[in-house]
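Here is a friendly briefing to read alongside the model. Have the viewer open and follow the topics in turn.

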Amino acid sequence: MSSLSDKIRALTLQQWVAIIIVVLIGLVPVFDAFFGHGFYVSFFTKVMIFAIAAISLNLILGYGGMISFGHAAFMAIGGYSVGIAAYHGVDNGYIQFLIAVVLSAVFALVTGAICLRTRGVYFIMITLAFAQMAYFLFVSLEEYGGDDGLTVDSRSNFEPLLSLENEFALYYLIFVLMVVSLLLVWRIVSSRFGRVIRGARSNDERMQAVGFP
């Protein structure tokens with residue numbers, strides 16, 4: 001118990017502000033129910049989706065010091081994985097999720113193996129190049145919308161565990177995923193691996209000198 005209280009007292013002002021913001025976002029559907037608009041639930045659903053992308057970008061940019069212009073490619077891979085599967089009648093959310101994760105991992109493995117062998121402006125430009133390659137690949141798929149993009153007519157089916165047709169269920173699913181993303185990145189940054197990444201951002205030559213490749 002004392003350990004928990006010590007951790008609470010050790011929280012910085014920025015961390016307290018972040019916690020308050022997360023709590024307020026979690027209460028948006030409650031406030032929106034009183035006003036009866038429905039706009040804020042839809043708006044903050046989109047905000048949280050982009051926040052998850054920003055959290056992961058902050059890990060490599062804010063803590064790792066690696067400026068990537070190719071981060072949106074992973075959102076595109078996830079979106080098109082779900083959209084193309086739905087286009088062919090596969091609305092099972094578990095299958096769609098598996099396809100999106102596997103394809104994103106393969107893309108990250110192939111591009112990362114190349115990008116991480118560069119540094120500085122070369123790293124920036126090669127991530128941009130891969131992002132452009134992904135962009136032109138997707139817009140060349142005329143059967144799936146081409147330049148006009150791909151519209152997903154139905155939401156993923158996670159029944160009987162969860163029904164995303166309910167706006168509040170969708171909202172809180174994304175909210176939970178955002179909180180998990182925040183906690184995961186916080187745990188990574190606080191770990192030994194995270195400290196090495198932060199040290200390499202400040203002075204990679206010194207980190208190599210003390211034994212970290």
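Glu167 has a relative accessible area of 38% and is therefore partly exposed; buried means under 20% relative accessible area, exposed over 50%, and partly exposed in between, with a 1.4 Å probe and protein chains only. The model is a predicted one, where local features need pLDDT of at least 70 and side-chain atom pairs count only at pLDDT 80 or more, while totals for chains, interfaces and linings use all residues. Residues are numbered from 1 along each chain as its sequence is written, and side-chain values use heavy atoms, with hydrogens and water left out.

**Salt bridges**

- There are 2 salt bridges in the structure, a salt bridge being a side-chain nitrogen of Lys or Arg within 4 Å of a carboxyl oxygen of Asp or Glu.
- Glu167 pairs with Arg155 in a salt bridge, at 2.9 Å from N to O.
- Arg155 sits in the loop between α7 and β1 (157-158) and Glu167 in helix α8 (residues 167-190), so this pair links parts that are 12 residues apart in sequence.
- Arg155 counts as partly exposed because its relative accessibility is 29%.
- Asp204 and Arg119 make a salt bridge too, with their closest N and O atoms 2.9 Å apart.
- Asp204 belongs to helix α9 and Arg119 to the loop between α6 (93-115) and α7 (121-139), so the contact ties together parts 85 residues apart in sequence.

**Positive patch**

- Arg187, Arg192, Arg195, Arg198 and Arg201 form a patch of positive charge on the surface.
- Patches are built from residues with over 30% relative accessible area and no salt bridge, joining like charges within 9 Å and nonpolar side chains (Val, Leu, Ile, Met, Phe, Trp, Tyr) within 5 Å.
- Lys and Arg count as positive and Asp and Glu as negative, while His and the chain ends are not counted; the place of a charge is NZ of Lys, CZ of Arg, CG of Asp or CD of Glu.
- Accessible areas come from the Shrake-Rupley method with a 1.4 Å probe, and for residues only the protein chains shown count as cover.
- Which element gives the largest share of the positive patch? Helix α9 (residues 192-209) does, with 4 residues.
- Arg198 is found in helix α9, and its 34% relative accessibility makes it partly exposed.

**Nonpolar core**

- The largest nonpolar core has 15 residues, of which Ile25, Met48, Tyr171, Phe175 and Met178 touch the most other members.
- Such a core is a set of buried Ala, Val, Leu, Ile, Met, Phe, Trp, Tyr and Cys residues joined through side-chain atoms within 4.5 Å.
- Two or more residues of this core come from each of α2 (13-26), α4 (39-63) and α8, and the largest share, 7 residues, is from α8.

**Overall layout**

- The protein has 9 helices and 2 strands; helices (H or I, at least four residues) and strands (E, at least two) are DSSP runs, numbered from the N terminus.
- Starting at the N terminus, the order of elements is α-α-α-α-α-α-α-β-β-α-α.
- Along the principal axes, the C-alpha atoms fill a box of roughly 55 × 50 × 25 Å.
- Of the 213 residues, 27% count as buried.
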